[in-house]
Amino acid sequence: MNIQYRKLLPEESAVYRTIRLESLKEFPESFCSDYEEALKTEKFRIEYDIENQLTERFVLGAFNEDQLIGICTFVKDENDRGNIYQMYVKEEYQGRNIGLHLIQKVIEEVCSHFKSIEIYLEVKHNNAKAFNLYKKIGFVEISDAQQKEINPSVLMKYSR
């Protein structure tokens with residue numbers, strides 16, 4: 001198996017949509033979006049971003065041959081803070097460090113364009129597998145009592 005990692009190309013926005021919907025359907029407990037609601041969305045914002053190749057908003061994909069098997073989305077906000085979203089690897093490819101490499105490649109891409117950016121992500125409390133993966137990469141939990149009341153997720157920050 002020869003996995004390639006790269007940004008999705010403009011013509012791959014529909015392929016992104018397919019795998020994003022799959023992630024919501026297969027692992028609804030891991031994401032803050034609803035599959036049924038997502039189906040009603042004609043075009044996701046990230047699809048536009050992929051088509052326009054924005055530096056501040058992109059999706060990195062993991063490909064086995066020509067098949068997209070994993071995604072990781074990066075969005076830079078107006079406060080020059082980076083956020084990782086929508087981390088997903090197809091179930092049959094999990095446990096092979098593909099997610100680890102996806103996030104590492106996103107971090108490399110971000111750091112090549114934005115020198116002093118802080119990178120954050122959120123993980124559901126019940127997703128120990130993802131939490132441990134993020135810790136392994138270098139993310140640390142940010143303690144925020146106010147955040148815990150609003151959102152049942154753990155906020156993590158990348159620490160170089």
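**Exercise 1.** In this predicted model, find which residue of β2 is the bridge partner of Arg6, and state in which sense β1 and β2 pair.

*Solution.* Begin with Arg6, whose bridge partner in β2 is Gly61. Next, widen the view to the two strands, where β1 and β2, the latter covering residues 57–64, pair in the antiparallel sense over five bridges.

**Exercise 2.** Work out the strand order of the open sheet, and name its edge strands.

*Solution.* The open sheet has seven strands in the order β1-β2-β3-β4-β5-β7-β6, and their pairing is mixed. The edge strands are β1 (3–7) and β6 (139–142), each of which pairs on one side only. If direction is ignored, neighbouring strands of this sheet are turned against each other by 30 degrees on average.

**Exercise 3.** Decide how α1 is oriented relative to α3, and list the residues that make their contact.

*Solution.* Helix α1 (residues 13–26) and helix α3 (residues 45–52) pack at an angle of about 150 degrees, with their axes 9 Å apart. Because angles over 145 degrees count as roughly antiparallel, α1 is roughly antiparallel to α3. The contact is made by Ser13, Ala14, Tyr16 and Arg17 of α1 together with Ile46, Glu47, Ile50 and Glu51 of α3, and these residues divide into four nonpolar, one polar and three charged.

Notes. Residues are numbered from 1 along each chain as its sequence is written. This is a predicted model: local features need pLDDT of at least 70, side-chain atom pairs count only at pLDDT 80 or more; totals for chains, interfaces and linings use all residues. Side-chain values use heavy atoms; hydrogens and water are left out. Axes are lines fitted to C-alpha atoms, for helices over the stretch in contact, and angles run from 0 to 180 degrees between N-to-C directions. Helices (H or I, at least four residues) and strands (E, at least two) are DSSP runs, numbered from the N terminus. Angles under 35 degrees count as roughly parallel, over 145 as roughly antiparallel, 65 to 115 as roughly perpendicular and the rest as oblique. Contact means heavy atoms within 4.5 Å. Ala, Val, Leu, Ile, Met, Phe, Trp, Tyr, Cys and Pro count as nonpolar, Asp, Glu, Lys and Arg as charged, and the others, Gly among them, as polar. Two strands pair if DSSP finds at least two bridges between them.
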